[in-house]
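Student: I am new to this structure. Please show me how to read it.

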Amino acid sequence: MDAQLAEVRALEAEIAALRRACEEPRAAGEDSWRAQKSLREMYQSDSEGWASSKDLRSHLGHLESELRFLSTLTGISIRNYSMKTEDLTNTEKKEKSIMKVLQRHRLSGNCRMITFQLEFQILEIQNKESLSSVITDLNIIMEPTEYSELSEFVSRAEERRDLLMFFRSLHFFVEWCEYRKRTFEHFKERSGPARRGVTSLQPVVCRDWEAETKRLHSRDWSQDQCTKEKYPAAVHLPEGAASSCMAVRSTCQPGFELVIVWRVQIDEEGKVLPKLDLLPKAPQQALKLDRNRVLETAPLSFRALLGTLGIEAALESLIKSLCTADYD
């Protein structure tokens, strides 16, 4: 509480100093008056209505509440933030009516298990008719992760200087990775009661991505059709549940294996979509006897199954098709 009061008093002192600066006469000349006017316009809207420290504390509490809500909603938390400004207004007569301010921002935070640091510059240009802002530079630093897909995406976001795309795509990328991990763990678990409401754990999809992702997993576990039996002996996660691969092996038919490769891709526009592929493996003798080319066409059949059943139900069907004899 003492720390909050100290911060409130520091803000009050800063506001009082700015008010005094704004009320001083134009003795320092035209350029000084322009700077004072800029400060007045910048802080007037925030300082108005803060008649007492109680009002300011209430305002700060409201901002903190909104920040917590946004962190909960998006999974993105900002730990440190700083900003510096520089007045680039030209003193020439022909540009006296145009004000230019360069803002240098620096922040660090995380989106669940992925941490990042951002440094970017915003140039604000204001004239008598309009105010415009543009990001002139963006630098993104990501701590090393096992998600190789992020490196190319980060370079693309830096090149386009697109902050909105970075935060939006990072949010949905993490959602899909966590959903993939939960799904792999679900099939690896030992037998137990069915979990209700699994559908609510799937990533939330918005706008342009809705139709494509609905096609993939809108029917997953509908009407509480969750599995009561898991497959701990058949399902293998060689690189852990957070990896992109899951192997299914039959203990009754050695040599037969189905490898599911589940990637999370970010396209040129920042859209995040899952891509699942099936890699069947079988003994050489079985391949020679496969006259109907079942193993050869299995990847295409798996894609069709995904479009019909959705991700979880398609994986369930795939595991059962290989391990039926193991669980009879």
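Tutor: Contact means heavy atoms within 4.5 Å. In this predicted model, residues 24 or more positions apart account for 59% of the contacts with a separation of 6 or more. Local features need pLDDT of at least 70, side-chain atom pairs count only at pLDDT 80 or more, and totals for chains, interfaces and linings use all residues. Residues are numbered from 1 along each chain as its sequence is written, and side-chain values use heavy atoms, leaving out hydrogens and water.

Student: At what angle do α5 and α9 pack?

Tutor: Helices are DSSP runs of H or I with at least four residues, numbered from the N terminus. Axes are lines fitted to C-alpha atoms, for helices over the stretch in contact, and angles run from 0 to 180 degrees between N-to-C directions. Angles under 35 degrees count as roughly parallel, over 145 as roughly antiparallel, 65 to 115 as roughly perpendicular and the rest as oblique. Here α5 (residues 163-188) and α9 (residues 311-323) pack at about 30°, with axes 11 Å apart; α5 and α9 are therefore roughly parallel.

Student: Which residues of α5 and α9 meet?

Tutor: Trp176, Tyr179, Thr183 and Phe187 in α5 meet Ile311, Glu312, Leu315, Glu316 and Ile319 in α9.

Student: Is Arg161 buried, partly exposed or exposed?

Tutor: Buried means under 20% relative accessible area, exposed over 50%, and partly exposed in between (1.4 Å probe, protein chains only). Arg161 has 39%, so Arg161 is partly exposed. Arg161 lies in the loop between α4 (149-160) and α5, and its phi is positive, near 55°, in a residue other than glycine.

How values were computed. Helices (H or I, at least four residues) and strands (E, at least two) are DSSP runs, numbered from the N terminus.
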